[in-house]
Amino acid sequence: MSPLRSTLLLTAMILAGEDFAEAQQSKANYDEARVGSYTLPEALVLADGSAVKTAGDWTQRRRPEVLKLYQDHVYGRVPVGLGAPAFQVKAVKKDALGGKATRKLIQITLPSCPAWEGIELMLYTPNAATGPVPCVAGLSFGGNHAVSPETDIPLSTRWMRPNKEKGIVDNRATEASRGNESSRWPLALILDQGFAVATAYYGDIEPDHAEGWKTGLRGLTAKDGTATVWNNGDWGAISAWAWGLSRILDCLETETAVDAKRCAVIGHSRLGKTSLWAGAQDERFAFVISNNSGEGGAALMRRNFGETTAVITKAFPHWFTPTYTSYANNEAACPVDQHLLIALAAPRPIYIGSAVEDEWADPKGEFLSGYHASPVYALFDHPGVGTDQQPGIDTPVGGRIGYHVRNGGHDVKDYDWQQYLAFARKNGL
Ligand code: GTR
């Protein structure tokens, strides 16, 4: 096949996934009366039927069981033997953002896999700090040049999803792409509150399309190269992106300006699913934040409201381990539901941010995950969301599990950040 023809076919395939999901949005159920009844898997019962009564029972017995269920049935398992990453500081700017911050660009590579170009990490630390600061780490959809308003950041050269409005031409960023994600990353607001920001482009780890693994970390590290067939339990793209977040945290542990013991992990939408899974696996993340993560993220899969398992596994099969597809229209057979993903963060603080117009992500289902994870937090004497009623718009609730439903649609707003940072401080970060 000619290179042009294969590019066109690939573009058509990617658009098909995104378009399919979008086309389903008008057909989904948004009627609470039609959600139907469901029974959630028990958080506090072990596979052998015995009860989880103490924090120790959870940590030593139930948590490992639930983690394994998520690997086997939802996101898949990171292969062993990838080894430790290496870090190389590429550039330091001490008067970034008008003198407010120091900006470092650091390349994170994997010596065991030289074919993989690695992650370009962008780290901002506040210059006003008098000691190591807490940090918020998260992946972006558009790359560092899209997150930052600063125009001296190298444009990402990686593959990007087609998007004319964002200046993506032939799957590559252009000068017109600069700053197009900056409203979702209010750097000054975050730095002024004394937090560092660590971010990288998710496509550095794996391009987000069904065949992205071939040129991403999953394909490059596979023993049999691009001929790999993914089996049940093998990692999907969400697992690969989450792995990247843990490598970013490895790097932050070497940065003296950052207190890596106070590092939050954040993500929006598909990257919110990713931050939840990263936080579930890597207990070094001290605070886990899900922004509008929806189906496959914070929303209960058994609730038929908004996006469904059938839609997400058809539109984005590469995000998950193959097993997950078998739960399309068959959610009751899945041994987990998403309250258990929230519970995997226990006893660390976690925050679930919804938006009222983002019905596709099922805001109530996101709240209910937090609610049903609360008994696990109670084992640690921590309050969970603290209410069985989804709160009103712009009314944050919660003790150790935070929740709000913001005015507006599917996005990350300053309001969200203000709640996340206040909650972080309240919970000791
Ligand atoms: C949608 C998908 C959602 C959400 C969103 C996003 O098309 O159906 O699950 O992940 O994309 O990431 O923006």
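What is the volume of the largest cavity?

Mentor: The largest cavity has a volume of about 90 Å³, a volume being the space filled by probe spheres set on grid points that are joined across faces, edges and corners. The model is predicted, so that local features need pLDDT of at least 70 and side-chain atom pairs 80 or more, while totals for chains, interfaces and linings use all residues. Numbering runs from 1 along each chain as its sequence is written, and side-chain values use heavy atoms, without hydrogens or water.

A cavity here is a set of points, on a 1 Å grid over the protein atoms alone, where a 1.4 Å probe fits but cannot get out, and lining residues have an atom within 4 Å of a point. Around the largest cavity there are 13 such residues, and those nearest its centre are Leu139, Trp185, Gly267, His268 and Val412. Strand 4 (133–140) and strand 6 (258–268) each bring at least two residues to this lining, strands being DSSP runs of E with at least two residues and helices runs of H or I with at least four, numbered from the N terminus. Strand 6 makes the greatest contribution to the lining of the largest cavity, with 3 residues. By class, the lining of the largest cavity comprises 7 nonpolar, 4 polar and 2 charged residues, where Asp, Glu, Lys and Arg are charged, Ala, Val, Leu, Ile, Met, Phe, Trp, Tyr, Cys and Pro nonpolar, and the others, Gly among them, polar.

Over the whole structure, 2 cavities of 30 Å³ or more are found. The second largest cavity has a volume of about 50 Å³, and its lining consists of Glu120, Gly143, Asn144, His145, Pro154, Ser156, Tyr201 and Asp204, which divide into 2 nonpolar, 4 polar and 2 charged residues.

The largest pocket (an open set with protein on both sides within 12 Å along at least five of seven lines) holds about 1000 Å³ of space. It is lined by 40 residues, with Glu18, Glu22, Arg161, Arg270 and His410 closest to its centre. Helix 1 (3–25), helix 3 (144–147) and helix 7 (270–281) each supply at least two lining residues of the largest pocket, and helix 1 gives the most, namely 7. The lining of the largest pocket has 14 nonpolar, 12 polar and 14 charged residues. The ligand sits in the largest pocket, in the sense that more than half of its atoms lie within 2 Å of the grid points.
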